[in-house]
Amino acid sequence: MSVDYDAYLDDALHSLHEEGRYRVFTSLARKAGQFPRAINYSGDTSQEIIVWCSNDYLGMGQNQDVMAAMHNAIDEMGTGAGGTRNISGTHHLIVALEEELSNLHKKEAALLFTSGYISNETTLSTLSRLLPDCLILSDALNHASMIEGIKHGGATKLIWRHNDIAHLEQLLSECDTTRPKLIAFESIYSMDGDIAPIAEICALAKKYDAMTYLDEVHAVGMYGEGGGGIADRDNLMQQVDIIEGTLAKAFGMMGGYITGKRNLVDAVRSFGAGFIFTTSLPPAIVAGALESVRQVRANHQLRSQHQARANDLKEKLRAANLPVLITDTHIVPLMVGDASACKAASDRLLTKHHIYIQPINYPTVPRGTERLRITPSPLHDEEMTNALVAALEETWTHLNITRTLPDMAASEGQQAGG
Ligand SMILES: *Cc1c(COP(=O)(O)O)cnc(C)c1O
């Protein structure tokens, strides 16, 4: 007898096809200097398209000074970091970047990771192990990287209903007062574009003696006077114990980080396997990130332009009677409510209109709330916006897609979150 390895793998893939959620990637080459234009290499021929779903929210990925900083770093220091942070991989640019990031969030210290995913996974799993008998109270819609970190740390997890303060308080009030407690949540939730009640959560944390862990990945660079995120905008950075962010979205680079008190950051530095046992980010990436963070911190106008573009698009979609979920953020979800219609809309936009917006289906969002998630940037001009609205209008009519918003509350809870 032999083990049929292929059968196991093929069955798993087959089930994804069956459910209509097998992922097909679009092969793109973004054009530096011409964002949001890109070349699509996915079909038989290559073609110029406009990208409307990038998380390079501010277009920093083509910033001339950032690119120059990266070129210089390669010329001066070569390519790789040469090791883990412990084994000769702590180049001086990393030290400068951590200083910049702790200043950004007005915290004592910062720690750089190879991605935002790793920063969440490592920090939450490490804290779970260091805080004896720890309870982690996790928002139901938390990102996969937080869920994995909580799981790997082995702490007891309590899931509170998304942004539901009353439910969080109920859970906290039932906790043993002597047990360490950590409340983990995000500031902006990337699929619905809604914002957590950070002040209320921090007040509860104080009342019940819990620590707070805030993922600001979709807000850093874009909100607040200095681009420190929603907690910066609302003057709450001091209230939050740990702020986590990415360099890969608004900063247009790669890497993740946490900021907080010195001893906390030192503990994660000293015990976090996902930090210790991997080669550090190379000089070019860190130099680019440092330049990007400095520019974005200083450029409040870029933040205003970003919001203006998003507001303009939301207005135009609403005027065209397209089912846009109105949010207070830069994220513009256009609801479809059906997986195959969502895929068909995305395909038609790409092939007929040369516009790229990937379909968002279950399990990323609950069934019945499938959508196109549109992310306008300061680089999308009015002409592109008008062309997008016209293309969506044509697509919705041609495919006979509903123009009614789904009942979001009714579909909540189906998502694989928390
Ligand atoms: C993208 C994302 C991350 C991971 O960040 P990367 O730097 O891309 O690894 C973490 N949290 C949330 C909410 C995200 O959307």
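Trainee: Let's start with the whole thing. How many helices and strands does the protein chain have?

Mentor: Remember this is a predicted model, so we're reading computed values. The C-alpha atoms fill a box of roughly 65 × 60 × 55 Å along the principal axes. Inside that, the secondary structure comes to 16 helices and 14 strands.

Trainee: Why does the protein chain count as compact as a globular protein of its length?

Mentor: Start with what the globule rule gives for 418 residues, which is 22 Å. The radius of gyration of the chain is close to that, so the chain is as compact as a globular protein of that length, with a value of 22 Å.

Trainee: What share of the residues counts as buried?

Mentor: A residue is buried if its relative accessible area is under 20%. The chain still exposes about 18,600 Å², with carbon and sulfur atoms supplying 51% of that area. Going by residues, out of 418, the buried share is 51%.

Trainee: And what share of the contacts joins residues at least 24 apart?

Mentor: Here we look at contacts between residues at least 6 apart in sequence. Among those, the share joining residues at least 24 apart is 71%.

Trainee: Now charges. How far apart are the centres of the positive and negative sets?

Mentor: The chain has 35 positive side chains and 51 negative ones.

Trainee: Take the salt bridge between Arg30 and Asp56. Which of its residues is buried?

Mentor: Their side chains meet at 3.0 Å, N to O. The pair links distant parts of the chain, 26 residues apart: Arg30 is in strand S1, and Asp56 is in the loop between strand S3 and helix H2. Arg30 has a relative accessible area of 42%, so it is partly exposed. At 9%, the buried one is Asp56.

Trainee: How many residues apart in sequence are Glu100 and Arg297?

Mentor: Their side chains meet in a salt bridge, 3.0 Å from N to O. Glu100 lies in helix H4 and Arg297 in helix H12, so the pair ties together parts of the chain separated in sequence. Glu100 is buried at 11%, while Arg297 is partly exposed at 27%. The separation of the pair is 197 residues.

Trainee: Asp133 has a positive phi; is Asp133 buried or exposed?

Mentor: Its phi is about 60°, although Asp133 is not a glycine. You'll find Asp133 in the loop between helix H5 and strand S5. The cut-off for exposed is over 50%. At 54% relative accessibility, Asp133 counts as exposed.

Trainee: What about Asn163: is Asn163 buried or exposed?

Mentor: Asn163 also has a positive phi, near 55°, and is a residue other than glycine. Look for Asn163 in the loop between strand S6 and helix H7. Its relative accessible area is 18%, so Asn163 is buried.

Trainee: One last stop: what is the relative accessible area of Leu334?

Mentor: Leu334 has its place in strand S11. Not counting residues up to four places away in sequence, Leu334 touches several others, including Leu322, Val324, Ile374 and Trp396. Leu334 is buried, and its relative accessible area is 0%.

Trainee: And how far is Leu334 from Thr79 in space?

Mentor: In sequence, Leu334 and Thr79 are 255 residues apart. In space, C-alpha to C-alpha, the distance is 41 Å.

Technical notes:
Residues numbered from 1 in each chain as written. Predicted model: local features only at pLDDT ≥ 70, side-chain atom pairs only at ≥ 80, totals over all residues. Heavy atoms only, no water. Salt bridge = Lys/Arg side-chain N within 4 Å of Asp/Glu carboxyl O. Helix = DSSP H or I, 4+ residues; strand = E, 2+ residues; numbered from the N terminus. Buried < 20%, exposed > 50% of the residue type's maximum accessible area, 1.4 Å probe, protein only. Rg over C-alpha atoms; globule rule 2.2 N^0.38 Å. Contact = heavy atoms within 4.5 Å. Areas by Shrake-Rupley, 256 points an atom, 1.4 Å probe, with all protein chains shown as cover. Lys, Arg positive; Asp, Glu negative; His and termini not counted. Charge placed at Lys NZ, Arg CZ, Asp CG, Glu CD.
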